[in-house]
Amino acid sequence: EVEKIRIKITSLGLTESRITSDETIQQLFVECRLNGFLAEETPLSLPKPTGGQRIHYNYSTVINVDKEDNHAEREYLKSILLKPDLPDDSLKFTVVSDPPEDEQDLECEDIGFAYVSLKEIFQKQRDIIEQDIDVFDSQDASALIGKLTVTVEALHALRSVYEECRND
């Protein structure tokens, strides 16, 4: 069986913040990153949600972490499980502002970050299914700017990696 981490980015809602009032922020997409290995992003940018609405991406991706082909990813998962003080044990979701077509001189800008700890999934022995996670302002990590609904199914892969560590 090919071991994998499944990730789904379902939807995004914003709370009132500098993001909602900033007119230059119009279209948003979401990137998901696992350490340095892998970055996936929603193929669509969607119009910024207003007043309590949500935008729906319904984007799924899979990270393969089988022994044969994905050694680096697997070693990284091992390090998460074996080194309790490893700071970077999370999948990082970045909400990115995509400049409008007619403003191509503007850059894509990271406006918020959200995290799912893989270590916590393993400790609690529970995947994250359609759960709202907090999105924090990229300019002020204490400011909550919204909620991202995600699924991260990693437990099976983490268990397998853990078994392998025990047997090494």
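These legends describe close-up views of a predicted model.

**View 1**
The side chain of Ser90 makes a polar contact of 3.0 Å with the side chain of Asp89. Leaving aside residues up to four places away in sequence, Ser90 is in contact with Arg33, Tyr76, Tyr115, Val116, Ser117 and Leu118.

**View 2. The aromatic pair of Phe122 and Tyr162.**
The structure has one aromatic pair. Its ring centres, those of Phe122 and Tyr162, lie 5.0 Å apart, and the ring planes meet at 50°, so the pair is tilted.

**View 3. Accessibility of the two paired residues, Phe122 and Tyr162.**
Phe122 has a relative accessible area of 15% and is therefore buried. Tyr162 has a relative accessibility of 30%, so this residue counts as partly exposed. The partly exposed class lies between the cut-offs of under 20% for buried and over 50% for exposed.

**View 4. Lys92 and the ring of Phe113.**
The charged end of Lys92 is placed over the Phe113 ring. The distance from this charged end to the centre of the ring of Phe113 is 4.4 Å.

Note on methods: Residues numbered from 1 in each chain as written. Predicted model: local features only at pLDDT ≥ 70, side-chain atom pairs only at ≥ 80, totals over all residues. Heavy atoms only, no water. Polar contact = N/O pair within 3.5 Å; in protein donor to acceptor, adjacent residues only side chain to side chain. Contact = heavy atoms within 4.5 Å. Phe/Tyr/Trp six-rings, centres within 6.5 Å; stacked < 30°, edge-to-face > 60°. Buried < 20%, exposed > 50% of the residue type's maximum accessible area, 1.4 Å probe, protein only. Lys NZ or Arg CZ within 6 Å of the ring centre and 35° of its normal.
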